[in-house]
Amino acid sequence: GLERGAKNQFSTFSNFITTINQKKEGTGNRSPPTQLVIPNIKNVRDLPPICLDVRQKQRVSMDALPQELKAPIPPEPSLPIRTKTVKDFQDDVEKAKSSGDWRAVHDFYSTSFDSFLEINAAFKKDANLPFNTIEDSGIDAKFVNVVYDALLNTPQDVQKSVLKGIINGLLQEWKGPRTKDDIRAYCILLQNPQFSNTSTYVIYAHLLRQIAALTEADHHFLVHWSKKIAQTRFKQLVDRLLQFISLRLFPAKPEEFPPMMKCTWWIPSATKVLALFNAANSLSSPSIISYTDFYNSTLDHIDLMEEYHNWQCYGNSHRFSFCQYPFIISIAAKKVIIQRDSEQQMISIARQSLVDKVSRRQKPDMNMLFLNVKVRRTHLVSDSLDELARKRADLKKKLKVTFVGEAGLDMGGLTKEWFLLLIRQIFHPDYGMFTYHKDSHCHWFSSFKCDNYSEFRLVGALMGLAVYNSITLDIRFPPSCYKKLLSPPIVPCDHNTLVGICDVTLEDLIQVMPELAHGLSELLAYEGNVEEDFYSTFQVVFQEEFGVIKSYNLKPNGDKIPVTNQNRKEYVQLYVDFLLNKSIYKQFAAFYYGFHSVCASYALLLLRPEEVEILVCGSPELDMSALQRSTQYEGYQKTDLTIRYFWDVVLGFSLDLQKKLLHFATGSDRVPVGGMADLNFKISKSETSTNWLPVAHTCFNQLCLPPYKNKKELKQKLIIGISNAEGFGLE
């Protein structure tokens, strides 16, 4: 009854277990390793659902109770004594492989996984120690890894015995709060590689359900213990959960699983457990795996706006939405949500303008449906500032730009040119708004005090308009800027609330002022007498622009408080906070309000700072082969000799030269969120002499390429062009 295709399907979970118990294997030689097979399980009944209130009463954290109500914490049950070591187990496996007698291995697996108690007896480092702290799980990770690595290469009946034991453990009646041994067993079971097989998904789902239903205190232990899992195995755990969610959403063989209406809890349970691993990853420094490894691209193909609206309507209530767990939603999917949310806001604002016009019996004008910006090239910044300030109510309409005195309709090119010219002018060092740090290759806000911070608001609005209108900007801000931009992600109603203030560390300062950060790191690591050798106080002297030098007390009477070995950490933290928060507060607050005046949306709650940066500036990851596949041609065919020469040269370029080419042709060396295909890159045939260099129209992502006679000439002219051109002329 255990083979796939058996005619008698199991009607209940209990019958499934009974059948396994009745399937007695002989104690003789076992069959050779085969693929694990589990019965058709589409009609398996779920475990009885637990009422939420009852579940909370059963699993209430002891720490949450007042002292007078606390009952004694139940002692950990005494564990059976198991003496098998890693070497003993490996020897047993080797003997079984050579002799074909798997009895010793079978007995070990069937005993070790028979219950949560036995799991702890087998894999706990010391059965006599409680291991009840977050620092040490007490799990013998090496032994667990060796046992699981060998499991998939054992005979089928050995693998079935493990699943039978797991089922027994999951069906155990729980009385009172879980012990640390129970949490330890869950942590070990999650790592079972058998759960990569879809035939085990019913068992896996029930395991995930029980883990998801644990108390917050128990989750706290699981998160911290998960931080100790090796990187490759941590990634395997995450991938297994993502695969489980994907295959439940879009099963390759729907008959393999119970009907969706009978297991609606599968995906929420898996997502909640995945959230524990995401928390563990976030708490680790550096993170164990990239935050992008938690993306599930399968979600790009579901109705994301329905998920978003459910989340908006129900928040973090008991109605599940993937938006409650934004770490699982890819940046491409988040961009779709933001764009559609923006479009809906644009339509709503335009419709309201039309209604207002009609209600006043005025003739409707198509221009009222757009944010029309008219500027003179000679007064670009001042005109743009005036237009955006005057049309603040229209910022959420579709943007259209007109250059005064120039004919032409804005089909996207003029808008992009406006952004390019404006950003280039505002970020010029002579303008004084931003300081360029050569060591970090990024801009930071000037701390120079001024009477009017409206231009910082303009830059924020520009960034917001770029995101709102899907324009990629050539801006170089450090990651801390985007962290501050989401502090908080929703503009507070109380205007006295501080905005743009976030927790910053020395790591953040390294990305802005690496030389200064290095000096502060040396101060922290100095082994001598800090007070006598550095002779510093809690007063810092910094030079603002235009040569004005001022001092600032990091704490009251800071000029009288020496920096010592004991307080140097506080000094460094206060200094970093001053540089990245307090010294530029008014500038950044204006920038913050400018950005959110356009991009105010609950969709921002879904974003990480790194994702905001990608939306604004694009991704730094280049794939020139993808660009080649999506490139359009005008005057050329992709099989023409010049085009073949071009791609041979470009694909052979170093990364630096490839970035220069992209910057030359598009105005930015970064890629939009949707990838190279979203660039709409075009190569046009230039009828000029082959003595000429290539020309680019950055507003249209267009490269004009003369028909060079050979690859050597093309490469030479292309490198000269992309290496020496700046903006709209040669340096």
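I started with Asn680, which sits in the loop between α27 (655-666) and β8 (682-685); helices here are DSSP runs of H or I, at least four residues, and strands are runs of E, at least two, numbered from the N terminus. This is a predicted model, where local features need pLDDT of at least 70, side-chain atom pairs count only at pLDDT 80 or more, and totals for chains, interfaces and linings use all residues. Residues are numbered from 1 along each chain as its sequence is written, and side-chain values use heavy atoms, with hydrogens and water left out.

Most residues other than glycine have a negative phi, and most peptide bonds are trans. Asn680 is not a glycine, yet I find a positive phi of about 55°. Its relative accessibility is 47%, so I log Asn680 as partly exposed (buried is under 20% relative accessible area, exposed over 50%, partly exposed in between; 1.4 Å probe, protein chains only). Asn557, also not a glycine, has a positive phi of about 60°. I place Asn557 in the loop between β6 (549-553) and α22 (568-580), and at 52% it counts as exposed.

Then the cis peptides. One joins Ser285 and Pro286, omega about -5°, with Pro286 in the loop between α12 (266-283) and α13 (304-314). Another joins Ser487 and Pro488, omega about -5°; Pro488 is in the loop between α18 (479-485) and α19 (506-510).

Last, α28. I noted Glu713, Leu714, Lys717, Leu718, Gly721 and Ile722 as its buried residues. Down the axis of α28 they fall within an arc of 140°, so they line one face (the arc is that of the directions from the helix axis to the C-beta atoms).
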